[in-house]
Amino acid sequence: MEINPVKGTHDIYLKEANEYQLIENTARAVAELFSYSEIRTPIIEHTPLFLRSVGESSDIVSKEMYTFDDKGGRSITLRPEMTAGVLRSVVSNKLYATPDLPLKLYYLGPCFRYERPQAGRYRQFHQFGVEVLGNPNYHLDSEVIALGHRILISCGLTNVEVKINSLGDETSRNNYREALKKYFADKVDKMCEDCKRRYEVNPLRILDCKVPEDIEIVKGAPKMSDFLTPEAKANLNDIIADLKSIGIEVSLDDNLVRGLDYYTGVVFEYHVKDENLVDVGAIGGGGHYANLLKELGGPDLEGVGMSIGVERLHYVVSQLTTPELMPKGPDVYLMGTSEYIIEQNVAFADMLRSSGFATMMNYEVKSLKSLFKIASRNNAKLAVIIGEDELTKNTLTVKNMLTGEQTSLKKENWENVLSDLLKEYVETYYSKVLAISKEEKEGN
Ligand code: AMP
């Protein structure tokens, strides 16, 4: 009986796995450019961690968590996001006890939400993100926003829109919450069941509702910006000015509240504009959290975080950019046309790999014709052929799989010659193949 993948999950392999690797490597490299270091935390955490951080009024906690009792009767949850686990780890390991605050961390890993699967929405997905913890300083907020922006640009995206808002300080938020309650009081009965619940536990969440009729009602609601204290307004303006000074324009979005309860102060989202693109929602987002570390048992340090959905980023990158890299494949395909040659090739492949050449070889005897087909299907750069003739003369024949050019060389010279031929292959690939595909794209 065939067993299907679990609904909302997906396998990533071959070409797509290479594309994911490229995106993930880019994100890591950008985080390292900003001097962040990696943190890896468990996929499973105690359920109360998310109740206390993400918050019981959020959709994530109230509807979307994978929660179960383990064999010891403890309530365990598969992480629906990464910030809570990272902060838990900062507290558990006292990472805050360093003379070098702010603490700058980045992460990458799978998250789980029991959502209705649709384009860009999975039940298991991956997040790449950063958290910074230290004393409040608006330059840190703008740095985190800029870091996420640079990841998207470095993946080849143009037209990245940064939406920004401020949830203000406690006073701003309390006043705003009261105003929302007043506004929705005589409307909530006509709204969806979720909004009825949100009205009771956290009316700010109503602004996030995606039901078309409710969106109409939300349009007339009071605006957060009218309730910000002068300090909260100044903080938002400082962050916007900081970003402007490095060429990042932002747009203010009064309805941006984000789906997690721990945010205070600035919140933001990244969107990519394209008329033909199916709307998959925000590619990433984040915000400032003044109290989360303290609430999780740590010291009174503020934080700011940003997280990008790797699946959504992969989707827009594959839709909107030309791949800049050649397809992944071995440097050398070592061809054996007899049992004896294959035996010799086993040792030669080992030498090639020890010298850093990615090598593929055949273990079953096949004709050269079919071996060339295999080499080409696997994007091999060089084919190395040792036939009877080469054996007697102690030579190798190397074929450049792009140009078809053949070179014969003495076996003892293989290392230098192969590395020259490989360089030549790469240069030709960049100048001919990628240049052509760019021209074709521009011509379209
Ligand atoms: P959040 O933790 O809700 O702020 O989400 C951060 C980012 O993770 C979003 O902008 C999405 O790119 C991504 N994301 C959230 N939920 C999903 C999901 N169910 N499937 C795929 N990506 C998601």
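In which strand is I44 found? In the predicted model described here, local features need pLDDT of at least 70 and side-chain atom pairs count only at pLDDT 80 or more, while totals for chains, interfaces and linings use all residues. Residues are numbered from 1 along each chain as its sequence is written, and side-chain values use heavy atoms, with hydrogens and water left out. I44 is found in strand β2, which covers residues 44-46; helices (H or I, at least four residues) and strands (E, at least two) are DSSP runs numbered from the N terminus.

The protein chain has 15 helices and 16 strands, and its C-alpha atoms fill a box of roughly 90 × 55 × 50 Å, taken along the principal axes. Of the 444 residues of the protein chain, 47% count as buried, where buried means under 20% relative accessible area, exposed means over 50%, and partly exposed lies in between (1.4 Å probe, protein chains only). Accessible areas come from the Shrake-Rupley method with a 1.4 Å probe, and for residues only the protein chains shown count as cover.

Two surface patches were examined. Patches are made of residues with over 30% relative accessible area and no salt bridge, like charges being joined within 9 Å and nonpolar side chains (Val, Leu, Ile, Met, Phe, Trp, Tyr) within 5 Å. I43, I44 and F68 make a nonpolar surface patch of about 240 Å², in which I44 is partly exposed, with a relative accessible area of 45%. A patch of negative charge on the surface gathers E405, D420, E424 and E427; Lys and Arg count as positive and Asp and Glu as negative, His and the chain ends not being counted, and the place of a charge is taken as NZ of Lys, CZ of Arg, CG of Asp or CD of Glu.

Side chains of opposite charge can pair when their charged atoms come close. The structure holds 20 salt bridges, each defined as a side-chain nitrogen of Lys or Arg within 4 Å of a carboxyl oxygen of Asp or Glu. In one of them, the side chains of R197 and D59 meet with an N to O distance of 3.3 Å. This pair links distant parts of the chain, with R197 in helix α7 (residues 193-201) and D59 in helix α3 (residues 59-63), 138 residues apart. R197 counts as partly exposed at 25% relative accessibility. K63 forms a salt bridge with D194, the closest N and O atoms being 2.6 Å apart. Because K63 lies in helix α3 and D194 in helix α7, the pair ties together parts that are 131 residues apart in sequence. Both partners are partly exposed, K63 with a relative accessible area of 41% and D194 with one of 23%.

K219 and E216 both lie in helix α8 (residues 212-219), three residues apart, about one turn of the helix; K219 is exposed at 52% relative accessible area, whereas E216 is partly exposed at 48%. Salt bridges that share partners also join D59, K63, D194, R197 and R198 into one network.

A search of the whole structure finds zero disulfides, a disulfide being a pair of cysteine sulfur atoms within 2.5 Å. C111 is in no disulfide, the nearest cysteine sulfur, that of C155, being 18 Å away. For C155, the closest cysteine sulfur is that of C111, and the 18 Å between them is too far for a bond. C111 is buried, with a relative accessible area of 0%, and C155 is buried as well, with a relative accessible area of 12%.

Several backbone features were also noted. A cis peptide bond, with omega of about 0°, joins L101 and P102, and P102 is placed in the loop between α4 (83-92) and β5 (103-112). L14, although not a glycine, has a positive phi of about 45°; L14 is found in helix α1, residues 14-33, and counts as exposed at 67% relative accessibility. S35, a residue other than glycine, has a positive phi near 65°; S35 is found in the loop between α1 and β1 (37-38) and counts as exposed at 58% relative accessibility.
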